Amino acid sequence: MTILVDVDHIDKIYPLKTGGEYVALRNVDLKINQGEFVSLIGHSGCGKSTLLNIIAGFEQASIGGVVLSGKQITSPGPDRMMVFQNYSLLPWLTVRQNIALAVDKVMTDLPAAERKDIIEKHIDLVGLRAAADKRPGALSGGMKQRTAIARALAIRPKVLLLDEPFGALDALTRGNLQEQLMQICEEYKTTCVMVTHDVDEALLLSDRVVMLTNGPEAHIGRILNVDFPRPRKRMEVVNDPTYYPNRGEIINFLNQQKRDKRRKARKVSEEKTSIPAVTAVKTVEKSVVTLGYVPTTDAAPLVVAKEKGFFAKHGLTQVELIPDSSWQTIADGLANQRLDCAQLLAGMPLAMSIGADRKRPTPIVTAMVLARNGNAITLSKKLYDDGVRNLKDLKKAIAATPDQPHSFGLVDSVSMGSLLTRYWLASGGIDPDRDLSLSIMSSAEMKNQISKGFIDGYLASEPWNSAAVKDETGFVVATDLEIWDGHQNKVLGVREDWAQENPKTHVALVKALIEACEYCDDRRNREEIIKMLAKPEYLNLPAEQLRPGFIDPFQRSLDQAPEMLVRFNQYYVEQSTCPRRAEALWILTQMARWNITPFPKNWTEVLERVYCRDTYGQAARELGLPDSVDDHESVKLFDGLVFNPDDPMSYLASLKISHEIRVEEIVFEEAPAPRSLRSKSLAA
Ligand code: ADP
Ligand code: MG
């Protein structure tokens, strides 16, 4: 491939009137190939136009330079034509005259007849035959822009430079012009550099999307190669399986830049405000925090963070742990701002943000995992007496009694446990929605119902499985370690607007809880933790009941020897606390599989928004821990089926038992208005 334009390590520094200087671009290095279409994307004011102007020769780089076909660019020239957003046609000339002016001025060595041919050909190229004698004032925006493109192309430049060329046009016109430009560029093999802020436009047209960081000192943050085959058709491009992942890459980058900008702005405003030093060093916005949770052994890190002073150590002097037996009440508590934050089931942040089960969405973010594993599936004593020992037997037992109702209890539809149970049943050929009836109830209620023979099985965390084993009302047919060892089970969740208003509090919470998780995974501490958990204000249960799995061996049934399950309650080892997007994506596939939510077309965007890796990263770095994990690995579940996080759609298509998958673009709700505004409008 021949390099046509070589942007060679350029800086652009503007002197400021007030003295000093503004470094707009820093060390931008970009080689553009002959015939390539490159888009520049980045937030407003980052320096996109500056870079384009330097390539055009309107401006000079302060350091470094641009070389075009071996020659350094020092001034504008006909080998580079620019199309601006605002047309820049001469208003007193017609379409034909505007094009002719450029052609006659540049192509002086051609005979007049040939020049005329070129002019007429370009009028046709952009479909302006009928308007050729009209002046710009009589043309629509799209027609004016087509004239500008025809004028630029007519003199056959080596590079076509476009600065947000379609930004001022309506969506339909923009779409048509994008397609026309694409056809022309493919036909003429034109080299193009286009500034845009439209992600879809960039993906449709480009071979490479160059993403610029915010200024000052803007530089190339990332380059995305766009490999859709050419010639491209919009619908084919949009339906390409890599389209949304690619789109997500760009959006993630832009979002990250946006957050970065906000962070810097905050820092500047803090530095500017002349509050006394004492208040300025205050580390959290909110030292009094309400934290909702459901009392099970999974709550250990919360209890430890409070009892062992980890919250206080990070400036959270008053964290109130608020127990509730229902996950729905906790979800409502977050949504209506009764709770600042909560322990949530793994699927809840996604389900609440998307709006599962026809509920109104509440944007929730999660920055860390609080517990992994820790669930088991219990089946009734009756099934045990009928000889059921495993999934295969269960399938047989259900098939043998088709007239009898079979039912399972679950704590919620979006817990990892529920999704794993459904997965487990389905991989054994049992359709959880057709062959069974699933009911949502509390763990205590499940335990009660199985003892009365009302349900055939349930999924729960401890102590609810070993309790059924102990009083011989049920037996454990599988622990979740056997289904997916190391999956996330409970996570920390806060409302997105809360996270935005209280970023330091959020980081402090995560830091305190990571340290608490570390404390919980040191088995020497577990005797002490059991005593804490058992207290009336927390689990309010005899300490004995909490031992199986957590500290003692776990017994599946009375005629089996108890076994030590070291990872049954996992809080910290193997970077347990770090959120993994692959896991979250698996949750999205399963929620779609069972028709709990649609599958988001824009799943990378959804994950980026809900999975708050920045907050985790900051907390981990401040604690001196690794701030991320490689979460692109495929996941292999117990049945041998591999989940490849790069291709969720094929995975969904490969699942045998499934509802019809709804695939939808998820448009997030805006964060709710602050409390004061909302209470007013409620009163009205
Ligand atoms: P974009 O096209 O990405 O929106 P620009 O390239 O127009 O951004 O501007 C980049 C930055 O350089 C902006 O912060 C802008 O204020 C600054 N800038 C542009 N031209 C000048 C100039 N002549 N003097 C000082 N600063 C400038
Ligand atoms: Mg600009």
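The model is predicted, with local features needing pLDDT of at least 70 and side-chain atom pairs counting only at pLDDT 80 or more, while totals for chains, interfaces and linings use all residues. As for bookkeeping, residues are numbered from 1 along each chain as its sequence is written, chains are lettered from A and ligands numbered from 1 in the order in which they are written, and side-chain values use heavy atoms, leaving out hydrogens and water.

Next comes ligand 1. Its shell is made up of Tyr-14, Tyr-22, Ala-24, His-43, Ser-44, Gly-45, Cys-46, Gly-47, Lys-48, Ser-49 and Thr-50, where a residue gets in if one of its heavy atoms lies within 4 Å of the molecule. By class, that shell holds four nonpolar residues, six polar and one charged; here Ala, Val, Leu, Ile, Met, Phe, Trp, Tyr, Cys and Pro count as nonpolar, Asp, Glu, Lys and Arg as charged, and the others, Gly among them, as polar.

A polar side-chain atom of Thr-50 is 2.5 Å from an oxygen atom of ligand 1. On its own, ligand 1 has 560 Å² of accessible area, and the protein covers 62% of it (Shrake-Rupley method, 1.4 Å probe; for residues, only the protein chains shown count as cover). Strand 2 (21-33) and helix 1 (48-56) are the elements that give two or more residues to this shell, and helix 1 gives the most, with three residues. Helices (H or I, at least four residues) and strands (E, at least two) are DSSP runs numbered from the N terminus.

Now for the sheets, in which two strands pair if DSSP finds at least two bridges between them. One open sheet has four strands in the order 2-1-4-5, with antiparallel pairing. Strand 2 and strand 5 (71-72) each have a single partner strand, so one side of each lacks a neighbour in the sheet. Strand 1 (residues 3-15) and strand 4 (residues 63-68) run antiparallel and are joined by five bridges, with Val-5 having Leu-68 of strand 4 as its bridge partner.

Another open sheet takes six strands in the order 6-7-8-3-9-10, and its pairing is mixed. Its edges are strand 6 (80-83) and strand 10 (220-225), each pairing on one side only. Strand 9 (residues 208-212) pairs with strand 10 in the antiparallel sense over five bridges, and Val-210 stands opposite Ile-223 in strand 10.

Between strand 9 and strand 10, the loop contains Pro-216, and the peptide bond from Gly-215 to Pro-216 is cis, with omega near -5 degrees. Glu-462 and Pro-463 are also joined by a cis peptide bond, with omega about 15 degrees; Pro-463 is in the loop between strand 18 (457-461) and helix 18 (464-470). Lys-189, a residue other than glycine, has a positive phi near 55 degrees and is found in the loop between helix 5 (171-188) and strand 8 (191-195).

Definitions and conventions: Polar contact = N/O pair within 3.5 Å; in protein donor to acceptor, adjacent residues only side chain to side chain.
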